[in-house]
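The sequence and the structure are shown first.

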Amino acid sequence: QGSIKEWEVWNEPPNFTGKDQTPADYAKLVVAAYDAAKAVDPSCRIGLAAKSAHINYLEQTIQAGARGHYDYITLHPYELLDGVAKDAGTEPLFMNIVPVVRKMLAAQDPAKANVPVVFTELGIDAKKGLETQAVGLVKAYTMGIAQGVSCIHWFEGRDGDSGPMGLLDAKGTPRPAYLAMQRMIQHL
């Protein structure tokens, strides 16, 4: 109580929720988590999550009973960022994540239409090229800020069990993406 203020309910649902799990099952989990957390700490914030940028999954979860039981939305749009980093022309798709979330929320849960949208995971594998990772980081943050993403958590700070995704390699050596982040912080 009081130590943790934000709770993301599940990591990338429906991933790892079970073979036959549905958005309705996730909605039940969200409602239970929201009610339990708010009973202990009414000021905490609960995040409604989806893997990648699966806004249709969020919509189905809200329709199935999660309406009003969240304070922010979390997404992990890795695939869209990969296209942006490769200059595949996916910038319009990436730039429309928040507007599409807002449109869906306005239709399905108007009271929550303006909740924060947070990218709690976003990154590029360094095996795709160090320059690609650095350029992708700059694009992710500038395009995220431009469309109204409240916060972006780069995955990850230092290489871990997910491969070479870090701003620092496994030995702690900064990659060009680290230096790009440093420059962005200085200028923005």
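## A buried charged pair

In this predicted model, K112 counts as buried, at 14% relative accessibility. D71 is likewise classed as buried, with a relative accessibility of 14%. Both values fall under the 20% limit that defines a buried residue.

K112 and D71 form a salt bridge in which the closest N and O atoms are 3.7 Å apart.

## Salt bridge K5–D41

Side chains of opposite charge can pair when their charged atoms come close. The count of salt bridges in the model comes to eight. One of them joins K5 to D41, with 3.0 Å between the closest N and O atoms. Because K5 lies in the segment before β1 (6–9) and D41 in the loop between α1 (23–40) and β2 (45–49), this pair ties together parts 36 residues apart in sequence.

The two partners fall into separate accessibility classes: K5 is partly exposed, with a relative accessible area of 37%, whereas D41 is buried, at 10%.

## Salt bridge K139–E91

K139 forms a salt bridge with E91, and the closest N and O atoms are 3.9 Å apart. The pair links distant parts of the chain, with K139 in helix α6 and E91 in helix α4 (residues 91–95), 48 residues apart.

At 19% relative accessibility, K139 counts as buried, since the class requires a value under 20%. E91 is partly exposed, and its relative accessible area is 26%.

## Contact of α3 with α6

Two packed helices are described by the angle between their axes and the distance between the axes. For helix α3 (residues 78–85) and helix α6 (residues 130–147), the axes come within 9 Å and cross at roughly 115°. The crossing of α3 and α6 is right-handed.

On the α3 side, the contact is made by L81, V84 and A85. Helix α6 contributes T132, G136, K139, A140 and M143. The residues of this contact divide into five nonpolar, two polar and one charged.

How values were computed
Residues are numbered from 1 along each chain as its sequence is written. This is a predicted model: local features need pLDDT of at least 70, side-chain atom pairs count only at pLDDT 80 or more; totals for chains, interfaces and linings use all residues. Side-chain values use heavy atoms; hydrogens and water are left out. Axes are lines fitted to C-alpha atoms, for helices over the stretch in contact, and angles run from 0 to 180 degrees between N-to-C directions. Helices (H or I, at least four residues) and strands (E, at least two) are DSSP runs, numbered from the N terminus. A crossing is left-handed if the near helix is turned anticlockwise from the far one by less than a right angle, and right-handed if clockwise. Contact means heavy atoms within 4.5 Å. Ala, Val, Leu, Ile, Met, Phe, Trp, Tyr, Cys and Pro count as nonpolar, Asp, Glu, Lys and Arg as charged, and the others, Gly among them, as polar. A salt bridge is a side-chain nitrogen of Lys or Arg within 4 Å of a carboxyl oxygen of Asp or Glu. Buried means under 20% relative accessible area, exposed over 50%, partly exposed in between (1.4 Å probe, protein chains only).
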